[in-house]
Amino acid sequence: MILAWILLFSTLGSVGAMSGGALLLLFPRHVIKNLIPCFLSYAIGTLLGAAFLGMIPAGLCQAPAPTVLCTVLAGIIMFFILEKIVLWRHCHDPECELHGKPGALILIGDAFHNFVDGVVITAAFLTSIPLGISASLAVIAHEVPQELGDIAILLDSGYTKTRAFCCNLISSLSTLPGALIAYFYLGATREAVPYVLALSAASFIYIALADLVPSTHKRQGIGNAARQIALILLGICTVALFRFLH
């Protein structure tokens, strides 16, 4: 039963997010520009909510607090290093500075990140179904604008629309092997689950604060700030609702 949940939400986290990003391309450019900031603000809330309300508390229930929290801290440093070598870098803006990077490099980084997303989803579901659903929701929320940005990068690198979509779809499918490998490994080694949750929380915190929050500062004004805060709180409340129902 748990494996079925993992496969379902791993598929939604990869193909679903990819399809959502592709569907956004059907809208006029000015509409996309208005929708992406909304996705990003909501994603910040779901990522932070899943990390602080779900993954870290679940890890603390299964392992000593000092080791879990040190793992979170080490994970944040690790993801900073990965970003420095352009393995983890996210592009959520079709006009970001990464459009000068080779398309192949973006696909490799995206495949690596999606593989880790699969591990995150599995570790969360092995702890509890509500935690798995909230973690998957956080993955999907930030993957939609990321996939849109990746497609824009590939188009700027000379790919046709069909080739860009197919290549990005293939890289997004790495979520499934990541989820399956984690399921069979973590299922036999449950002692590792709290530390995988801690690393997962570190990745969510880093993505939210290092990649997504700076992009929200590009839009100034009280109206934009109020909308961003409301969507961030909505994302947090969405995760909190799953925890409350559990």
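## How α3 and α8 cross

Helix α3 (residues 65-84) and helix α8 (residues 193-216) pack at an angle of about 50°, and their axes lie 8 Å apart. The two are therefore oblique to each other, the class left once angles under 35 degrees (roughly parallel), over 145 (roughly antiparallel) and 65 to 115 (roughly perpendicular) are taken out. Axes are lines fitted to C-alpha atoms over the stretch in contact, with angles from 0 to 180 degrees between N-to-C directions. The crossing of α3 past α8 is right-handed.

In contact terms (heavy atoms within 4.5 Å), α3 contributes residues including Thr67, Val72, Gly75 and Phe79, and α8 contributes residues including Tyr195, Leu199, Tyr206 and Asp211. By class, this contact has twelve nonpolar, four polar and two charged residues.

This is a predicted model, in which local features need pLDDT of at least 70 and side-chain atom pairs count only at pLDDT 80 or more, while totals for chains, interfaces and linings use all residues. Residues are numbered from 1 along each chain as its sequence is written, and side-chain values use heavy atoms, leaving out hydrogens and water.

## Aromatic rings

Four aromatic pairs are counted, with ring centres within 6.5 Å as the criterion. Trp5 and Phe9 have ring centres 5.9 Å apart and planes at 10°, so they are stacked (planes under 30 degrees apart). Trp5, Phe9 and Phe125 form one aromatic cluster.

Trp5 is partly exposed at 24% relative accessible area, whereas Phe9, at 14%, is buried (buried is under 20%, exposed over 50%, partly exposed in between, with a 1.4 Å probe and protein chains only).

Technical notes: Helix = DSSP H or I, 4+ residues; strand = E, 2+ residues; numbered from the N terminus. Left-handed = near helix turned anticlockwise from the far one by under 90°. Nonpolar A, V, L, I, M, F, W, Y, C, P; charged D, E, K, R; others polar. Phe/Tyr/Trp six-rings, centres within 6.5 Å; stacked < 30°, edge-to-face > 60°.
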